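Below are my notes on the model, as numbered points. They begin with one residue and its surroundings, then move to other local features and the chain as a whole.

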Amino acid sequence: TGINGKPKFDVKMSYGISDELKQLEVYDADGYLKKLLDYRVANDLEADPSKISIYLQAEEQKNYEATPDHRPTLENPYSLIGQMGYNYNTTISISNKTEKTSYYISTSFIKQRGVIINDEFKHISGRVNIDSDLTDWFNLGIKSFYSLRDYSGSSPDAGSERNIAYFSPWASVYNEDGSYKQFPQTTTSFNSPFWYIATEDHELYNNLNGIITGVVRVPWIKGLTYNVTYSNTIRWKENFTFFDENTVDGKGKNGIGKRIYERTYNMLLDNLIKYNNTFNKKHNVDLTLLYSQEHSSWENMTGYAEGFDNTVLGSYKLENGKTQTVDTGGGETDGIGLMARGTYTYNYKYSITGTIRRDGYSAFSKNKKWGVFPSVGVNWNIAREGFMENLNRINNLALRASYGTNGNQSISAYSTLARMGT
C-alpha cells in the first residue's frame, strides 16, 4: 500500500494452459466391429465376419465400403470437441495511505476456456474502498464492488445417450453444406451431440454492492460513539436461449426460445450507539442501543415462444412464435429490529448483562408481526481472583450463566397468507 501521499500502482498478470489428462477410451475400428458381432451372437443373430458390412447401418455401410481398406471416417470422436484450454488473469490496482485517509481501487479481468468447445467463462470486477478521518471525531468509509460473470456458450452434452463416445468409426458427422448431420450413423436412436447445442446461449450475472459506514466519537462525552452502516446490494441475471430447427429440442417445434430476467435487491441500515466507561478504576459500564432496518425485494420474468416461420433472429423475436407464454413473479420483505443491552462489571471480575430485543418482520402473520426477546446473564472472571495468581498454566478462566429467549425469521414471504379465497 502506498504511504504518505505516494500512490502505489500494482499490475499482476498470469496465463496458463490446460489439456485433458486422459481421454475416455473408445473402440477403434476393429474393436467396434467385434462389439457388433458379439452383440449379434448374444441375441442369436447371424454373426458372419465376412458379412460385416450388411450388419452396419446404412450410413456406416456407405463409408465402410468407400475405400478398399475400409478406412474409418472418424478415428477419434473426441477430436471433434476437444481444444486447448487456458486461464488468463489480470489485476490492476492503485492504493494510497496518509495519516487520515486511505484508498484502494482495483479492477480485474479473468478469461477461461475449457478443454471442450464452447466452454468459456469471463469475469470482470471492480472495487473502490475509501476510508477517511474527516475530523478528529468523525470517520467515513465507503466500500463498493461490481462483478460481471459471463457463462455464455453451449457445449456438446456428454451425458447418457448424447455421449460423444457413441460415434461409430464410420459415422458421417457433417452434411455436404458443412452443417452437423442429425443422425451420423443413420439410426435414429443416436442424435449427434452437436444437435443438442443451443443456437443461442447468453448467460450473464451482475452484482453491485455498496457499503457506507460512519463513526462519530462524541468529543464531550468520554466513551460515547455512534456507528451507522448502510449497505445496498443489487443482483441481476440475464439468460437467453434459443434452439432452431437444426437442434433436437427445436426441430419438432420449428424453433423454441426463452428469455429470463431476474433481479434482487437487499438493503440493510444499522444505527448503533455505544457507551463504555470505567469509574474509579473498578466500575465499568457498557451500554448499547441498536436500531436496524432491512428490506429485500425480487422480481423475475420469463418469456417463452415456439413455432417460428423464420428462426434467424432467435430470442430477439420471441413475438414471432406461434405459441407464446409469459411468467412473472416477485415479492418483498421488510424487517425492523430494536435492541438495548447493558453490562455492569465490578473490578473486572463480576459482570451482569441484561438485553432486550424487539423485532418485526413483514412475512409473519397479521397479528404476530413483532416479537420481544429478553435475556440476562452473569459472569465471574475467575482468572482475576487472587488465588489464581500462582497458577501459571491457566491464563483465562471464567464462569458464565445466562437465560433468555430468541427467535428467527426463516419463513418465506407471503407463506402466512391464506391460500383459498371466499
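1. D334 lies in strand β10, residues 323-346. Helices (H or I, at least four residues) and strands (E, at least two) are DSSP runs, numbered from the N terminus. This is a predicted model, in which local features need pLDDT of at least 70, side-chain atom pairs count only at pLDDT 80 or more, and totals for chains, interfaces and linings use all residues. Residues are numbered from 1 along each chain as its sequence is written, and side-chain values use heavy atoms, with hydrogens and water left out.

2. D334 counts as partly exposed because its relative accessible area is 35%. The classes are buried under 20% relative accessible area, exposed over 50%, and partly exposed in between, with a 1.4 Å probe and protein chains only. From D334 to S179 the C-alpha distance is 54 Å, at a sequence separation of 155 residues.

3. N191 is placed in the loop between β5 (138-150) and β6 (200-217). Its relative accessibility is 12%, so N191 counts as buried. Leaving aside neighbours within four places in sequence, the contacts of N191 are Q182, F183, Y196 and V248. The side chains of N191 and Q182 also make a polar contact, at 2.9 Å.

4. The whole structure holds 15 aromatic pairs. Rings of Phe, Tyr and Trp (its six-membered ring) pair if their centres lie within 6.5 Å; planes under 30 degrees apart count as stacked, over 60 as edge-to-face and the rest as tilted. Among them is Y64 with W170, edge-to-face at 5.2 Å centre to centre and 75° between the planes. This pair links distant parts of the chain, with Y64 in helix α3 (residues 58-64) and W170 in the loop between β5 and β6, 106 residues apart. Y64 is buried because its relative accessibility is 9%; W170, at 1%, is buried too.

5. Y151 and Y205 are also an edge-to-face pair, 5.7 Å centre to centre with 85° between the planes. Here Y151, in the loop between β5 and β6, is linked to Y205 in strand β6, 54 residues apart. Y151 has a relative accessible area of 35% and is partly exposed; Y205 is partly exposed at 21%. Separately, Y32, Y64 and W170 form one aromatic cluster.

6. The charged end of R259 sits over the ring of F240, 3.7 Å from its centre. R259 also lies over the face of Y316, at 4.6 Å from the ring centre. The criterion is NZ of Lys or CZ of Arg within 6 Å of the ring centre and within 35 degrees of the ring normal.

7. The protein chain has four helices and 13 strands. Its radius of gyration is 34 Å, whereas a compact globule of 422 residues would have one near 22 Å. That radius is taken over C-alpha atoms, and the globule rule is 2.2 Å times the number of residues to the power 0.38. Of the 422 residues, 33% count as buried.

Note on methods
Polar contact = N/O pair within 3.5 Å; in protein donor to acceptor, adjacent residues only side chain to side chain. Contact = heavy atoms within 4.5 Å.
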